[in-house]
Amino acid sequence: MPISLGELATRFGCELIGDPDIEVSGVASLSNADSDSLTFLSNAAFKEQLSSTKAAVVILRPADASDSPVAAILHDDPYLCYARMAAVVCPPPAYAPGIHSSAVVDPTATVAASAHVAPNAVVGEHSVIGENVYVGPGTVVGPDCVVGDDCRFIANVTLVRAVSIGLRGLIHPGVVLGSDGFGNAMTPEGWIKVPQVGGLVIGDDVEIGTNTAVDCGAIGDTVIEDGVRIDNICHIAHNVRIGAHSALAGMVGIAGSTTIGKRCVFGGTSGATGHITICDDVVILGGAVATKNITKPGAYSGMFPAEPAKNWAKNVARFRRIDALTARVKKLEEK
Amino acid sequence: MPISLGELATRFGCELIGDPDIEVSGVASLSNADSDSLTFLSNAAFKEQLSSTKAAVVILRPADASDSPVAAILHDDPYLCYARMAAVVCPPPAYAPGIHSSAVVDPTATVAASAHVAPNAVVGEHSVIGENVYVGPGTVVGPDCVVGDDCRFIANVTLVRAVSIGLRGLIHPGVVLGSDGFGNAMTPEGWIKVPQVGGLVIGDDVEIGTNTAVDCGAIGDTVIEDGVRIDNICHIAHNVRIGAHSALAGMVGIAGSTTIGKRCVFGGTSGATGHITICDDVVILGGAVATKNITKPGAYSGMFPAEPAKNWAKNVARFRRIDALTARVKKLEEK
Amino acid sequence: MPISLGELATRFGCELIGDPDIEVSGVASLSNADSDSLTFLSNAAFKEQLSSTKAAVVILRPADASDSPVAAILHDDPYLCYARMAAVVCPPPAYAPGIHSSAVVDPTATVAASAHVAPNAVVGEHSVIGENVYVGPGTVVGPDCVVGDDCRFIANVTLVRAVSIGLRGLIHPGVVLGSDGFGNAMTPEGWIKVPQVGGLVIGDDVEIGTNTAVDCGAIGDTVIEDGVRIDNICHIAHNVRIGAHSALAGMVGIAGSTTIGKRCVFGGTSGATGHITICDDVVILGGAVATKNITKPGAYSGMFPAEPAKNWAKNVARFRRIDALTARVKKLEEK
């Protein structure tokens, strides 16, 4: 959506250095930008690209303003300012209201008139779809779900049953919400399934990445609070609660009945075992797995970085001999 | 489904303390239960919630019976008893037989008259769908598949081709069965695909969790034996065999041509490398990866728990100096 | 497809020992083969099965030729030769051109006359589908995609938007291409989404396994070069570049903005953190995570194999005392 620099600067209360009538209609990196592009300089590593940028305007810190060869919008956090302005310049696609003829909506479901139900989508019994919701192609909304206004299910999403999701949810393809948790009781003849009858309650402004699975509760509900961000291919087991504004990067696994506080961050391929509680403001770094309650905010880690395979093999061998080494030291001490 | 306590107790041969005419119509936790609810006390940690429960009846151990403020069903394994009774109180949904008008069933396929094929499902050439099977919305059953009676494919499941699945299978959304394994032969010009022409054979009473992938065999079959339970986002590669009644928790990966025994348990994010054999009754604890044959039943582990990041960084640095430390100890010993 | 041994040997320039008029119509392992089967002996571990094989013909090394009880095709790399011949004997299924009546193709899309669009597939605005492409059932091709000739999307695949894929791509079920990357800017009120407006460019001869996710770029493009092989349940984040002929085994995760060279191999459940560069010809072994730039070809590792749980617990405890142990050694040295 073309917009003038003057309008952008005014809307977000930023200082603009340059012609307010210049328009931008897209975004680009410093090096790829052209005269219609909004770009930004946040990471000092890219500073060398500033002098040759062909952008219409660069969002940057006041201290960098004089180095911009083109118009500049000043902000102390250029990346955040970019996020906000880019959402105006490149808004998500708009869809005409209506239900495609190939979609199947159960007669007991309620779909707001402003919602868009795309080809081959399915909406089940007693489900309620709010205003301006986008139910993308191939998406299945099962029975007894409540979808808040302005949610978007991009494509091939599945809400199994009894999922409640708040306002402005953004759910990417292949996500499955409200599937059965892994509940099994052992018998001499094998496993007996424990019926999974709880729900899944998702707050407002939640984004869930591609092919992530969030199970329903076993008896009570699984809960994802407001503002949570979950990346691709994560596994959120039954009865988990994830506190508001927490963020989980790709391939994170949270085992059953674990409670995660607010504003926590889980790095890629990290996770938590079941039945533990993690307090607010904890960072679990990439690859680490929390295995017991964490009561103190801060960063936790547990991953060994890859090393040349020869070194690693030696280290593993030595690791296995720490025990013997300790005994040798003890013997020396006794002398 | 409302059922009287007397009927429940009789059906499962349990002692009931209380009025046999009381009916339950749902399940709940001790603390959330109301006068229609069946609940249970299994884990001692929840014992303090017993005295204030508002449930219709609590399943508990005989030793706890006198502490129940409401009716009690006695069982030495309350969780197992709960699993069985909950399945009666909260049975899976029933579906009217028939093929939805938006589903596409190939003329060469055979669908039992009692089966339900949901909106936008697809059944391919020469496939056979058994009695009472539920083919959920968006599910694709490819060609040459055989689906046993009472199987349920919740939604958006894919059976690629040549998948055979026994009785009472429960397959959750996003699961892909019988996809090509990862077979590539190296050439100077790059990889050449090795055709994956084997099948996938799944036994009776198997449950497979959301977004899990089970590949077909390269030449022979991949095999999942009776009673196996697989959680969400697991990867079962080509030619794997998983023994009866084994259970794999979330995000487990089993590499190609590995054989896993009966009654094995894999914790979350654990796994096994390819071409190994793991005997019956092995437990691979969370995060651990079996890398060679295991011939002795028992528990195996290999994950470091997360620690405060500062400690961890020190440990990693020291780990890398074990070699040097060993040399120093040797030097001391030589003196 | 039945084919004579003479034709096979001639087509691939191999020496045949045996009757050239014998026909094969399938492939099988040495032990399961029957008189219509092509099989091979590559791994010496299977040599003992050679003498009793009932195959029509065995592909094997010249040195093993005299041990074959049946016809033999000679090749120095029997597995590679098998891959090529099996592709002739067992070609992928052929599909009649046409768009199924239940598929939904946007009027602004272009679908080649030789392409096959299967039941309940969707093709979005302005997308272009090349010659002989197979758009499998339930597949959603979003807007502004370009699909090269001979691509196959098996079933329930999603191309979100602006995905370009070259010739002969093979994309397995549940794969999501071009979904939003995980871009969030922190504010005191929570996360602000950074619009993900880049594309995804995939080269020729790329295969992507079941339920893998490949994100679009944040501003520029995510790039998968020619001949790349990606196995099941992998996560390729935004702005990643994967060099030609690299191969990623199951459950690999590559974090954002990382560049991987040509002919790299990632073992199962391995990965790379974000914003790093890995040079050509690097092998990251199973379970290892590259955390910084790698500039030297070779193998890198970082996983501890599972051990009996008792040993492991002792080792972990001792690992945590390396620090103290080092101090004790220092003290001894000072004496």
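Predicted model: local features only at pLDDT ≥ 70, side-chain atom pairs only at ≥ 80, totals over all residues.
Biologist: Let's start with chains A and B. How do you know that chain B is in contact with chain A?

Modeller: Contact is called when heavy atoms lie within 4.5 Å. By that test, 60 residues of chain B touch 64 residues of chain A. Putting the two together buries about 5000 Å², with 67% of that on carbon and sulfur atoms.

Biologist: And what makes up the side of chain B that touches chain A, by class?

Modeller: There are 36 nonpolar, 14 polar and ten charged residues on that side.

Biologist: How many polar contacts and salt bridges cross over there?

Modeller: The rule finds 16 residue pairs in polar contact between chain B and chain A, and two salt bridges.

Biologist: Which elements of chain B supply that side?

Modeller: Those giving two or more residues include helix H2 (78–89), helix H3 (309–319) and helix H4 (322–334) of chain B. The largest share, eight residues, comes from H4(B).

Biologist: Why is the link between Arg328(A) and Glu333(B) called a salt bridge?

Modeller: The cut-off is 4 Å between a side-chain nitrogen of Lys or Arg and a carboxyl oxygen of Asp or Glu. For Arg328(A) and Glu333(B), the closest N and O atoms are 2.8 Å apart, so the pair qualifies.

Biologist: What makes strand S39 (residues 298–301) of chain A and S40(B) a pair?

Modeller: Pairing needs at least two bridges. S39 of chain A and S40(B) have two bridges, in the antiparallel sense, so they are called paired. One spot to look at is Tyr300(A), which stands opposite Pro308(B) in S40(B).

Biologist: Now chain C. How many residues does each side give to its contact with chain A?

Modeller: Chain C gives 64 residues and chain A gives 60 residues. About 5000 Å² is buried between them, 67% of it on carbon and sulfur atoms. On the chain C side, Phe182(C), Trp191(C) and Phe304(C) lose the most area to chain A, together 14% of what that side buries.

Biologist: Which polar links cross between chain C and chain A?

Modeller: The count is 17 residue pairs in polar contact, and the rule also finds two salt bridges. In one salt bridge, Glu207(A) meets Lys193(C), with the closest N and O atoms 2.8 Å apart. Among the elements on the chain C side, H3(C) gives the most, with six residues.

Biologist: What about strands there: which one pairs with S39(C)?

Modeller: Strand S40 (residues 307–308) of chain A does, antiparallel and over two bridges. In S39(C), Tyr300(C) is the bridge partner of Pro308(A).

Biologist: Back to chain B for a moment. Why does the salt bridge of Glu207(B) and Lys193(A) join two chains?

Modeller: Glu207(B) sits in strand S25 (residues 207–208) of chain B and Lys193(A) in strand S23 (residues 190–193) of chain A, so the pair spans both. Their N to O distance is 2.8 Å.

Biologist: Are Glu225(A) and Lys262(A) buried or partly exposed?

Modeller: Glu225(A) has 14% relative accessibility, under the 20% limit, so it is buried. Lys262(A), at 33%, counts as partly exposed.

Biologist: And in chain C, what is the distance in the salt bridge of Asp281(C) and Arg263(C)?

Modeller: It's 2.9 Å, N to O. The two are 18 residues apart. Asp281(C) is partly exposed at 32%, and Arg263(C) counts as partly exposed at 42%.

Notes. Residues numbered from 1 in each chain as written. Chains lettered and ligands numbered in written order. Heavy atoms only, no water. Buried area = accessible area lost by both parts, 1.4 Å probe. Polar contact = N/O pair within 3.5 Å; in protein donor to acceptor, adjacent residues only side chain to side chain. Helix = DSSP H or I, 4+ residues; strand = E, 2+ residues; numbered from the N terminus. Nonpolar A, V, L, I, M, F, W, Y, C, P; charged D, E, K, R; others polar. Buried < 20%, exposed > 50% of the residue type's maximum accessible area, 1.4 Å probe, protein only.
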